[in-house]
Amino acid sequence: MPNVNFSETPPVGMSATANWRVEYDDFLDDFINSVGNDTAMSELEDITGAVFRNKSKLLGQLVAGLIETKYSHLLDQDYCACKQCNKRLKSVGKRSRKLETRVGAFELNRPYFYCRDCHLGFFPLDEVLCLSDSPKQYDIQDIETFLSSEMPYETAKEAYERITGDELSTHHLHDTANAIGEQVGVLEVCPSKEEIEEKIDQLSQGRHRRPVMMLGIDGAYGPMRPLPRFPFRGCGVGSGRMGP
Ligand SMILES: [Zn+2]
């Protein structure tokens, strides 16, 4: 959790029960009735298909309702201390944003605070929830990173959409993988010393010569060998790089 200067616990006496349960029950009833009364839906795949097509809304609304239950005091927060100067601020109103998660999408309408002295604007609820600035939240970015490291972007996009039923662009896959890749050095993606020694032991069994080890890191750039101090005549400078 980030260091925030407001309570995450509802004040005593504030009810966490919200109207969302009634609305969600109605929404669920309508959905169940529509599937139940649809005579064309006879096989299992028809029913699972209907659930899958509505999964994002069914589960997204459920997540939104759970947030409302847990953080109703932050959704209706009128005052908050500035994160920098601690000045008491009044909310300048609510701002809505769309959040996409691996289970579903929903709108989050939460109070915005702005300190004129610090020129700092912030959403307390966003910080408590640890939201990403991107509409696609970190749980999606985690899947994007895994898929794009295992397969081409086009295949990763199709795999994600088939499994979740939600859209994902190759552009976003590429940007997410790059953003995370920029934080990772070559040593961090290399096997550990113990893993390398175990591999060498396996390859050495029954052989007299020591094995030659080569490490391939897809998508990473790094010098293969140090540059020679003096260029060799008639020979290119050893500037080979491991490439994608
Ligand atoms: Zn301030």
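**Terms and their grounds**

A hairpin of four residues links β3 to β4. The model is a predicted one, in which local features need pLDDT of at least 70, side-chain atom pairs count only at pLDDT 80 or more, and totals for chains, interfaces and linings use all residues. Residues are numbered from 1 along each chain as its sequence is written.

Q: What makes β3 and β4 a pair of strands, and how do they run?
A: Two strands pair if DSSP finds at least two bridges between them. Seven bridges join β3 to β4, and the two run antiparallel; therefore they meet the definition of a pair. Strands here are DSSP runs of E with at least two residues, helices are runs of H or I with at least four, and both are numbered from the N terminus. The protein chain has 10 helices and six strands.

Q: Why is Ser 148 called buried?
A: A residue is buried if 20 or more other C-beta atoms lie within 10 Å of its own, exposed if 12 or fewer, and partly exposed in between, with C-beta atoms placed from the backbone. Ser 148 has 24 C-beta neighbours inside 10 Å, so it counts as buried. Ser 148 is found in helix α6. Setting aside neighbours within four places in sequence, Ser 148 is in contact (C-beta atoms, placed from the backbone, within 7 Å) with Tyr 153, Ala 156, Leu 173 and Ala 177.

Q: Why are the buried residues of α6 said to line one face?
A: The buried residues of α6 are Ile 140, Gln 141, Ile 143, Glu 144, Leu 147 and Ser 148. Seen down the axis of α6, they fall within an arc of 160° and so line one face of the helix; the arc is that of the directions from the helix axis to the C-beta atoms. These residues pack against β3, α7 and α8.

Q: What is known of the buried residues of α3?
A: They are Ser 56, Gly 60 and Ile 67. Seen down the axis of α3, they fall within an arc of 20°, so they line one face of the helix. Their cover includes β4 (105-111).

Q: What makes up the largest nonpolar core?
A: A nonpolar core is a set of buried Ala, Val, Leu, Ile, Met, Phe, Trp, Tyr and Cys residues joined through C-beta atoms within 7 Å. The largest has eight residues: Ile 140, Ile 143, Leu 147, Ala 156, Tyr 160, Leu 168, Leu 173 and Ala 177. Helices α6 (138-150), α7 (153-164) and α8 (170-181) each supply at least two residues of this core. Helix α6 gives the most, with three.

Conventions:
Contact = placed C-beta atoms within 7 Å.
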